[in-house]
Amino acid sequence: MKFRIFLAVLAMTFVFQSCQNQRRNESTEDSPRIVNIINFIRQTEPRIERITDEILYQTVVEQVKLLKEYQLKGTFLLQYDALINPRYQELLKNELLDGSEIGGWWEITQPHVEAAEIEWRGIYPWDWHADVGFSPGYTPEEREKLVDVYMEKFKLIFGEYPSSVGSWFIDAYTLGYMYDKYGIKASCNCRDQIGTDGYTLWGGYWGQAYYPSRINAYMPAQTETGQIPVPIFRMLGSDPSYQYDHGVGQGVSQSVTTLEPLCREAGGNPEWVKWFFNTMFDDPALGFTYVQAGQENSFTWDAMKDGLAIQIPLIAEQCKMNKIRVETLEESGAWFKENFKVTPPTAISSLSDYRPQNRKTVWYNSRFYRTNILWEGSSFKIRDIHVFNESVESDYYKNRLTSSQCYYTTLPIVDGNLWSNDNYLAGMKLYYVIGDGEWVEAKSSHSPLITKGEDWLSVAWTLENDIATLTMLFSEDKTEISCEANSKDFKWELNLTTAPNIDLPFTNLSEKEIDARLKNFDYQVKLDQGLLKDTRDSSSGSVFTLTPTGHKITIAYN
């Protein structure tokens, strides 16, 4: 028995050493695959009577035990009400694995507000509504007070200011103040979603991390002077194929397909978890991939333990194999800042499907735009293009949010969700002319071929019967699309269509430029090569057609 225990300890020590002191192999060095295990902590859960403060505390105890069992360091982020609880202080000071991180979780609670000498407007000691429980619900002056009170209390307890502060969303004024006065190194926010829990984050830097605009924490900045130099990592591990489509075209609360262990169809499903890790750790990527595992204690240990029992051993195994880097949020933020002065181009791909739809997808992001390509069966479309501009000031930068609904968006050119309905999914599709002069949609059973450079990604897709190959070259500020064919007379075009009667942002569509307006902000996308034809017809959903010149279309975003 003692010998078995010795072997178990020896094996676990090896896992610990290999995870804590990884030598990056060639693929990891080329495109690091980074995992943060982030558990954030609330003192109380007023929404469900049976979830007591004791149950919440024991949930964190079990989370700490699990990470120690697998010798994985984690990041534990404390809401103010949990920060001032001596039990959490002692637990995190004494029981965390060496190398773990303690930071701040920026949901606003009654003890926090009252410590800052502000009137509490909530119904419960923790009120989850956007205008009470999150920083945009407070004036800029109140936000400063909330930051000062938290930081001083944290330093009094732990001896230093937190390096990482996360939340479902933090406004730019608060985040900038945290950096300017207290030097935080990293933050995290929620993945893209529509309406979930009363707030919308849509069209942003998909996955990975970005430097936000000084005046809009959801909008990636284009310049060093215009950015807050705190990388924001996107949380929760969205399904890259299916999460986007939830609630399609309805503008209502999306359901969830993410790595959260509570999600029985995804993070709590062994088949999905293995598929997701394969996508994030093995499929072609540019720059780096990022995965956030973990769960807030509000959901309780009984509800999350089965999902974590699937995920954590797999993460430990991948770590042992040096395929991934398990880091704290602070470490990931420091690495990001060391390597990138501005938001880098990144991409992830998923070239398999756990459902019978046979989907494949590629997401490309840069500081100028994001885009998504989707294949389903033999069909292809550009499902999403959103443009980024650091000059777009958030509604909540200077003003207090007064509604329980919160909206952060970027600048759409193609939106495969909001411009769709139950019967028709919007997107830009490829068409070509067959022998009798008829335009037909391009289809193929071929898989895409992905190649990459330092800051570009190329996706090649051969059409049916090998009649032509579509190549999309994504670089930091433009997309080049070409279609090489065996026949010199081969004609092709890209058509954007939406569901009928969609309210679109386009103000003018000329041969070389797309002009649009979101609220009071005007933005443009230009064609360096190719021509645009305005085909707007709200009854049919037709919007515009892009045709090549010299066999190429080049869309410029800068």
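Which residues lie nearest the centre of the largest cavity? They are W206, G207, R234, M235 and S238, part of a lining of 13 residues.

## The model

This is a predicted model, in which local features need pLDDT of at least 70 and side-chain atom pairs count only at pLDDT 80 or more, while totals for chains, interfaces and linings use all residues. Residues are numbered from 1 along each chain as its sequence is written, and side-chain values use heavy atoms, leaving out hydrogens and water.

## Cavities

A cavity here is a set of points on a 1 Å grid over the protein atoms alone where a 1.4 Å probe fits but cannot get out, and lining residues have an atom within 4 Å of a point.

Strands are DSSP runs of E with at least two residues, and helices are runs of H or I with at least four, numbered from the N terminus. Strand β19 (residues 411-415) has five of its five residues buried, so it is largely enclosed by the rest of the structure; buried means under 20% relative accessible area with a 1.4 Å probe, protein chains only. Strands β17 (residues 379-387) and β19 run antiparallel and are joined by four bridges (DSSP must find at least two for strands to pair). H386 stands opposite P412 in β19.

V387 also belongs to β17 and is buried, at 4% relative accessible area. Its contacts (heavy atoms within 4.5 Å), leaving aside neighbours within four places in sequence, include L411, I413 and Y557. V387 and Y557 are 170 residues apart in sequence, yet 7.1 Å apart C-alpha to C-alpha.

## The nonpolar core

A nonpolar core is a set of buried Ala, Val, Leu, Ile, Met, Phe, Trp, Tyr and Cys residues joined through side-chain atoms within 4.5 Å. The largest one has 168 residues, and L78, W168, F506 and F544 touch the most other members. Helix α11 (residues 301-320) gives the most to this core, with nine residues.

Beyond four places in sequence, F506 contacts residues including I413, W419 and F544.

## A buried loop residue

S298 sits in the loop between β12 (289-293) and α11. S298 is buried, with a relative accessible area of 4%, and, not counting residues up to four places away in sequence, touches R42, E45, R47, I51 and L56.

Technical notes
On a 1 Å grid over the protein atoms alone, a cavity is a set of points where a 1.4 Å probe fits but cannot get out, and a pocket is an open set with protein on both sides within 12 Å along at least five of seven lines; lining residues have an atom within 4 Å of a point. Buried means under 20% relative accessible area, exposed over 50%, partly exposed in between (1.4 Å probe, protein chains only).
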